Each structure stands twice: as C-alpha cells, then as structure tokens.
Amino acid sequence: MHPLLTRNRLGLYLLGWIPLAAIVVLLMSAGGNLTWLESALIVVPLCVLYAFICLSAWYTAKSLPIRGESALRLIGVHTLAAALVSYFWMGLGWVLVAFLGKTSAFQGLDRRFAPQAPILFGAGYLLYSLAVASHYVILSLEASRQAEARMMEVNILARDAELKALKAQINPHFLFNSLNSISALTSIDSSRAREMCVLLGDFLRLTLGLGEKTAVRFSEELDLLEKYMAIEKVRFGDRLRMQETIQEDSKTCLLPPLLLQPLVENAVKHGIASLPEGGEIRLAAERQNGRLAIVVENSWDPEAPPRRSGGRGLENVQRRLEARYGKDASLRVNTEGELFQVSLSLPAESGESA
Amino acid sequence: MSHSPDKRWKALIVDDEELARHVIREFLESHPEIAVAAECANGMEALKAVAEHKPNLIFLDVQMPKLTGFDVLELIGTDVPVIFVTAYDQYAMRAFDVHAVDYLLKPIGRERFDAAVERAKGRLGEKMPSAQELAAAARPPQQFLERLVVKDGTRVTLIPVAKLDYAEAQDDYVALATQGKKHLKQQTIAGLEAGLNPDNFVRIHRSYIVNLERVVRIEPYGKDSRLAILGDGTRLPVSRAGYARLKALLDERK
C-alpha cells in the first residue's frame with residue numbers, strides 16, 4: 001500500500017503541489033508566448049494529473065532500494081523513468097493544447113505553446129526526480145520506524161522473559177525444602193546448619209544481584225551454581241553428584257543472567273530427585289570459533305511421576321535466548337534412555353558484566 | 001527399633017530426604033507412645049515396610065522418586081491414618097483441606113506436628129478418603145494422568161498412559177490392557193475415565209474405554225451397535241452413545 005494514499009496524507013501531498021504548480025505556471029508564461037491565464041489553464045490540470053502520476057515513483061523506489069543496488073543502475077533507471085514520464089506528460093500537454101486551440105478564445109494556442117513545450121518537459125523531469133527523492137526519504141523513514149518497533153518488541157520480550165525467569169527463580173519448593181534441611185541440622189550439627197543458612201543467604205543475594213544485570217560473566221553464573229549445588233547437596237547427600245568440565249576460556253564469556261541456573265535446577269528436580277539412588281549432573285562449557293557451547297546433562301527416570309511445572313524452565317530459557325540473540329542462539333533437548341541432555345549454543349561475547 | 005509394651009503406636013516415616021526424615025523422628029521422640037517401625041526412602045520401600053510392620057500411622061512425603069505419596073496411598077489402601085508431608089504444592093494442599101486429610105508443611109513446626117499426631121490417633125479405625133479421589137483433587141486443572149500404578153500381589157507395575165490399549169470394567173475393578181497383558185486395578189471405570197485425557201481416550205461403551213491411537217476401524221455389529229477393531233485384532237463393543245463420542249473426537253482430529 002502506498003504510504004501517501006490515505007485521506008490525510010493525500011490532502012497534504014496535493015497541497016504541496018500548489019506552489020510547484022504556481023512555479024510551473026510562471027515558467028511557462030515567462031517567455032511571453034503564453035499569457036499568464038493561458039499558462040495556468042494548461043498547467044493546472046496537467047499538474048493535478050502529474051501529482052498522481054508521480055506517486056508511481058513509490059513503486060520504482062521500492063523495487064530499487066538505495067542500499068543493495070549499484071549507483072549506476074539506480075541513476076540509470078530513474079533517469080530513464082523520469083524522461084519517459086515527463087515526455088508522456090508533455091504529450092498530455094499537447095493534447096490539452098490541441099483541445100483548447102479548437103475553441104475560438106484560444107486561436108493558435110498550439111503555435112504559441114510549441115516553444116514552451118521543452119520547458120514543460122524539463123519541469124516534468126525535475127518534478128518527477130523530486131518525487132523519487134521524496135519517496136526514498138519516506139521509505140527510509142518507514143524502515144527506521146519499523147526497525148525501532150522491532151527493537152522495542154525484542155526489548156519487551158526480553159524484559160518479560162527476564163521477569164518471569166526471576167519470578168520462577170526463587171522456587172518455593174527449593175526454599176521450603178532447604179529450610180526443612182536447616183531445621184533438621186540444627187539438632188544434628190548446628191555448625192552445618194549455620195553453614196547452610198549462609199549458603200542459602202549467599203544464593204539468594206547472588207540471585208537478586210545477578211537478576212538486576214542484563215549480562216553477566218559465565219564465571220559469575222558458575223559461582224551461583226556452586227552455591228545452589230552446595231545447598232542441594234545438603235538435601236540430597238550422596239544421591240547428588242556433580243561433574244564440571246569448564247574450559248578456562250569460556251569463563252569470560254557474557255550471557256544473560258540466571259540462564260543456566262534453571263537448567264541445573266531442572267536437572268536436580270526432574271533428574272536426581274526422580275532416582276532413588278540419585279545420579280550425576282554433568283556441566284560442560286567450551287568456547288570455540290566465536291561460539292559458546294554449554295551442555296547440561298543428567299540421568300533421569302523417564303517413567304518418573306510427573307512433577308509440577310515441568311518444562312516451564314526450559315521454555316523460559318529458550319524464550320530468553322530468542323529474545324536476546326534471535327536466531328543466533330539455539331537450545332536443543334536430547335533425551336536418550338536415561339540420559340537427559342540440554343545443549344545451548346550462543347555467540348561468545350566478551351566484556352564486563354553490566 | 002524398640003518394642004516396649006507402652007509403645008502402642010507403630011509409625012512409618014517415608015521421605016526420600018534423610019534430613020527430612022530426621023526432623024520427624026526427632027519430633028516423635030516426645031511422643032513416647034509412638035515407635036518408629038521403619039524409615040523408607042521411597043515408595044517401594046514403603047510398600048514393603050507396610051506389609052512387614054503393619055504400621056498404624058504413616059508420615060508420607062508427596063514428592064518422591066518412582067512412586068509419589070498418592071501412589072503409595074493408592075497401593076496400601078486406606079485403613080491406616082496417613083499424615084502427608086509436602087514442601088509446597090498448592091493443589092495438593094487444597095486437596096488435603098477438601099478431604100480433611102492431615103498434612104504437614106516443610107519446614108515442619110513442632111506445634112503443628114503434635115496437633116496432627118493427636119488428630120491421627122483419634123482417627124484410628126476411620127478410613128482415609130479414596131486415594132484416587134485425593135490424587136485427582138490434587139492434580140492441577142487440565143492435567144491428566146501420565147501413568148497408572150497397579151499392584152499384582154507384591155509386584156508394582158507402572159503403566160504409562162500412552163501404553164494403555166483399553167480398559168474394561170470388571171465389577172469393582174478395571175482391567176487395564178497394555179501390550180498384550182491385562183492388569184487388574186481396584187477402581188471404577190468412571191474414576192479412571194476422569195483421569196484420562198479426553199483427547200486420547202474415549203468411553204466407547206458402559207464398560208470400555210479405548211485409546212484412540214489403537215483403533216484401526218469401526219465395523220457395524222447388530223442393529224444399534226458397532227465394534228471397534230484395534231491394531232492387535234481385539235474387538236471391543238461400541239454402544240450408540242459411545243459411537244457418537246468416538247465420531248465427534250475423530251471429526252475433531254481431522
């Protein structure tokens with residue numbers, strides 16, 4: 001749809017043509033061959049028509065985006081179009097003149113018009129070129145507005161995902177079970193109970209702190225995971241085993257905060273907790289060829305009783321990746337027998353957390 | 001565990017976390033009339049311990065590996081007072097409230113614990129509400145059974161719902177047909193139907209529920225009824241109302 005073909009815009013556009021038409025009227029009568037009135041009689045209807053003809057520049061401008069076409073081709077095509085359109089316009093002028101010339105009031109108009117015709121052609125050429133230029137301006141304005149809207153949408157999505165992630169972060173189950181463990185420890189081993197309180201405090205503080213940032217270093221996320229695992233280790237004892245293979249290089253990479261914590265929490269909740277004998281969680285990270293690859297893997301019982309809120313954590317991580325990286329990041333889930341594996345791949349960005 | 005004559009109560013503690021069991025054990029120390037008969041780390045152990053010790057009070061964690069607390073209750077029957085223990089599960093909590101079942105929230109407080117024990121003692125001889133009803137009430141809305149738990153003698157079988165071919169009512173039981181075998185479960189067919197996803201399972205007859213995936217074709221049979229032919233050749237009767245339900249579902253799938 002042409003951007004000017006709405007009621008308000010078309011009115012303004014036609015209004016803009018009034019001074020242009022006035023200039024053409026002056027130019028045409030300047031040579032003294034045509035009177036001011038004759039010039040206006042010819043030019044005004046022609047300009048009204050031409051205003052609409054010039055709208056067609058939109059389509060040529062649109063099919064020939066300024067970036068992406070060679071300048072030569074661009075100029076060539078538009079010059080040719082301008083020449084054709086203005087020649088056609090001049091032809092219309094001749095038709096009108098011939099028509100007017102038939103009336104007694106404008107005897108011999110065609111003879112007087114002839115020397116002015118090239119001026120009409122030139123004016124048409126310039127007007128069309130002006131239309132092309134204005135349409136390019138409109139196009140680029142539209143593109144930038146669309147880009148802005150898209151950016152805004154991405155931002156909103158990201159914020160939304162972040163908020164949901166944070167809300168899900170402090171999992172009530174985890175919190176209440178940890179408190180129950182502390183309650184048990186107070187009479188068994190009070191110093192361990194205190195240790196657990198400190199761990200839980202650290203974990204909550206880190207969660208809140210990281211949640212306020214937009215990007216954190218992988219090493220910071222690993223610190224949080226360490227606290228989290230230490231707490232769960234108190235709950236599950238020997239049932240919970242952890243193995244980390246973290247490449248040193250990967251630790252400086254930046255990633256959205258609290259991206260991995262839900263994955264590891266899932267591994268505990270749906271994996272380890274579903275197995276009477278427990279199991280192992282393996283976390284591996286590697287930076288290679290500008291990509292950061294992270295794998296969280298755990299044993300699980302495929303026939304385990306369904307746990308509440310299953311899958312929401314994964315979905316959340318996926319949405320956050322999408323919001324942040326678009327198609328440049330991926331999350332894959334692989335379940336093979338008693339192994340549950342989540343693989344993330346995202347662009348390896350370095351820098352300070354912020 | 002000691003069995004001094006004044007300990008008239010035998011309790012079972014079922015929780016997969018050692019520390020969680022410890023809290024209950026510790027609280028029970030101030031109830032000298034209650035002896036801890038056994039501690040179990042999962043539902044299977046609990047079933048064995050129930051058979052062995054015949055406890056008259058069970059502390060039962062809801063979230064456990066293999067069998068949930070609801071599964072355990074379903075399998076041990078409803079003669080023993082059970083006090084459920086859970087960290088946080090809004091639907092389970094509501095179900096317990098509705099069915100007046102005692103439950104403790106982690107972290108467990110001493111007062112609440114004592115009150116629950118006293119109430120449980122007063123309830124000896126009273127039956128617990130049906131485990132299936134309780135479990136159904138504890139399921140979040142729009143969530144359906146994912147597996148069925150069946151006990152054949154001492155053996156517990158877990159049947160993933162996707163592997164259920166059909167179910168047939170037999171008096172107070174339903175026969176669950178899966179992979180060529182049949183398992184009897186004490187449940188009404190209506191109760192089972194309520195727990196199954198209506199997009200996949202249809203009540204084709206007063207006595208039959210079928211897994212839609214298994215139906216190969218429908219054949220006319222007699223005046224008003226039809227037969228559903230399953231992939232393995234099984235022929236199940238389809239009533240007129242059942243056919244209407246089946247057809248509506250199949251049309252929906254197209």
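Contact here requires C-beta atoms, placed from the backbone, to lie within 7 Å of each other. Nonpolar covers Ala, Val, Leu, Ile, Met, Phe, Trp, Tyr, Cys and Pro; charged covers Asp, Glu, Lys and Arg; the others, Gly among them, are polar.

Some conventions apply throughout. Residues are numbered from 1 along each chain as its sequence is written, while chains are lettered from A and ligands numbered from 1 in the order in which they are written. Because the model is predicted, local features need pLDDT of at least 70 and side-chain atom pairs count only at pLDDT 80 or more, whereas totals for chains, interfaces and linings use all residues. Helices (H or I, at least four residues) and strands (E, at least two) are DSSP runs, numbered from the N terminus.

Now follow α7(A) across to chain B. Its axis and that of helix α1 (residues 18-28) of chain B come within 8 Å and cross at roughly 60 degrees. Axes are lines fitted to C-alpha atoms, for helices over the stretch in contact, and angles run from 0 to 180 degrees between N-to-C directions. The two helices, α7(A) and α1(B), are therefore oblique to each other. Angles under 35 degrees count as roughly parallel, over 145 as roughly antiparallel, 65 to 115 as roughly perpendicular, and the rest as oblique. From α7(A), the contact uses A:Asn180, A:Ser181, A:Ser183, A:Ala184, A:Leu185, A:Ser187 and A:Ile188. From α1(B) come B:Leu19, B:Ala20, B:His22, B:Val23 and B:Glu26. These residues divide into six nonpolar, five polar and one charged.

Chain B also holds an open sheet of five strands, in the order β2-β1-β3-β4-β5, with parallel pairing. Two strands pair if DSSP finds at least two bridges between them. The edge strands are β2 (34-40) and β5 (103-105) of chain B, each pairing on one side only. Neighbouring strands of this sheet are turned by 20 degrees against each other on average, direction ignored. Within it, four bridges join β3 (residues 57-61) to β4 (residues 82-86) of chain B. B:Ile58 stands opposite B:Val82 in β4(B).

Another open sheet of chain B has three strands, ordered β13-β14-β15, with antiparallel pairing. At its edges stand β13 (215-221) and β15 (235-238) of chain B, each with a single partner strand, so one side of each is left without a neighbour in the sheet. The twist averages 30 degrees from one strand to the next. Six bridges join β13(B) to β14 (residues 225-230) of chain B. B:Val215 has B:Leu230 as its bridge partner in β14(B).

Antiparallel pairing also links β9 (residues 173-178) and β10 (residues 181-186) of chain B, through six bridges. They form a hairpin with two residues between them. In the turn, B:Gln179 has a positive phi of about 45 degrees.

Finally, return to chain A. A:Leu331 lies in strand β6 (residues 330-336) of chain A. With 20 C-beta neighbours inside 10 Å, A:Leu331 counts as buried. A:Leu331 is in contact with A:Val317, A:Gln318, A:Leu321, A:Val342 and A:Leu344, leaving aside its neighbours within four places in sequence.

Methods:
Contact = placed C-beta atoms within 7 Å. Buried ≥ 20, exposed ≤ 12 C-beta atoms within 10 Å, placed from the backbone.
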